[in-house]
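Hi,

Here is the structure I promised to pass on. My notes on the salt bridges and the overall fold follow below it.

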Amino acid sequence: MDNVAVVILNWNGRGMLEKFMPSVMEHTNARVIVADNGSTDDSVEFMKSHYPQVPLILMDKNYGFAEGYNRALAQVDADYYVLLNSDVECTPGWVEPVVAMMDRNPDVAIAQPKLLMYDQKDTFEYAGGAGGFIDAYGYPFCRGRLFSTVEKDEGQYDDECDVFWATGAAMFVRSSVWKEMDGLDGDFFAHMEEIDFCWRTKNCGYRVRYCPQSVLYHVGGGTLPKSSPFKTQLNFRNNLSMLYKNLPQSRMGWVLAVRWMLDQVAALKFLLEGHKGEYKAVRKAHKEYREWHASLKEKRRKLSPHKVSHVYGGSLLLEYYLLRRTRFSDLKGRFSPSK
């Protein structure tokens, strides 16, 4: 499939490349490219010696996930880009069904496969599951994962469907739309950038879709540890920034007010539990968000924020922690409809 380019962004991931490149090369009927984000390990040397047929895009430093992909894909010519994490095990024929689905649906700009855990192959993976959604206050979740609870894959999400966001671990995107949207928001560095990107495309009238006929196995958390103040900072800052950029005017004020209050509760919880680094991360995230206000206002001005489909109208915090609804199927009938 010469019109498809699978681009793996690497940063100090020699171990992941060694482990997962064999499945990528065996099962990928498309061009494979590795973009190196200024690694200081021997990733580049490993690729040159073991996979000399794979083109390398070399960058001078670590630009993060968002700007790293922006710079890499600016050098790639293809109809479809596939952003693939280096810690993903591929399965036979994983590219073809997603591309065929997008070919049949010209208004689908972004898509994702089914994402399962690498070490528990019968269980959905945290970072993508069977397609992503957000609630009324911007909390992301997936079919197959609400907060930290993940479901076993029992075929319950084997239906092809529209979703709100597609995972950045294995995201298919039309190159024309990527260019129209100016790619990911490079200021985000990492985390939430794919949700922001999907939301922006939806604000422009495109659809995001899930294809269960394609299956991948993802390790997850390969770059930052699961518990990391820097990761917390990025998630809180980028989530607020995403909301400010994309919410319709009628909802922006009260949603951001509620999120400010909920974030303060989260920060206090971190502090009371002895996680001072996480507490400081939330405070720093809000400080940076305020400092970004002028640039966010300009980014918002270039968009046309309005009510979009596949947003859950309730509060996931309330549903999950108070009402004990821990499966996606428990959230019934409260999603904003497709246009």
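Predicted model: local features only at pLDDT ≥ 70, side-chain atom pairs only at ≥ 80, totals over all residues.

Asp 263 is buried at 1% relative accessible area (buried is under 20%, exposed over 50%, partly exposed in between, with a 1.4 Å probe and protein chains only). Its salt-bridge partner is Arg 259, with the closest N and O atoms 3.2 Å apart; I call it a salt bridge when a side-chain nitrogen of Lys or Arg lies within 4 Å of a carboxyl oxygen of Asp or Glu. Arg 259 is buried too, at 3%.

Numbering runs from 1 along each chain as its sequence is written, and side-chain values use heavy atoms, leaving out hydrogens and water.

The count comes to 26 salt bridges. Among them, Asp 107 pairs with Arg 207 at 2.9 Å between the closest N and O atoms. That pair links distant parts of the chain, 100 residues apart. Asp 107 is partly exposed at 33% relative accessibility.

Another one joins Arg 325 and Glu 319 at 2.6 Å, N to O. Here Glu 319 is buried at 3%, whereas Arg 325 is partly exposed at 33%.

As for the whole protein, 56% of its 339 residues count as buried, and the C-alpha trace spans about 55 × 40 × 40 Å along its principal axes.

Cheers

Definitions and conventions:
Helix = DSSP H or I, 4+ residues; strand = E, 2+ residues; numbered from the N terminus.
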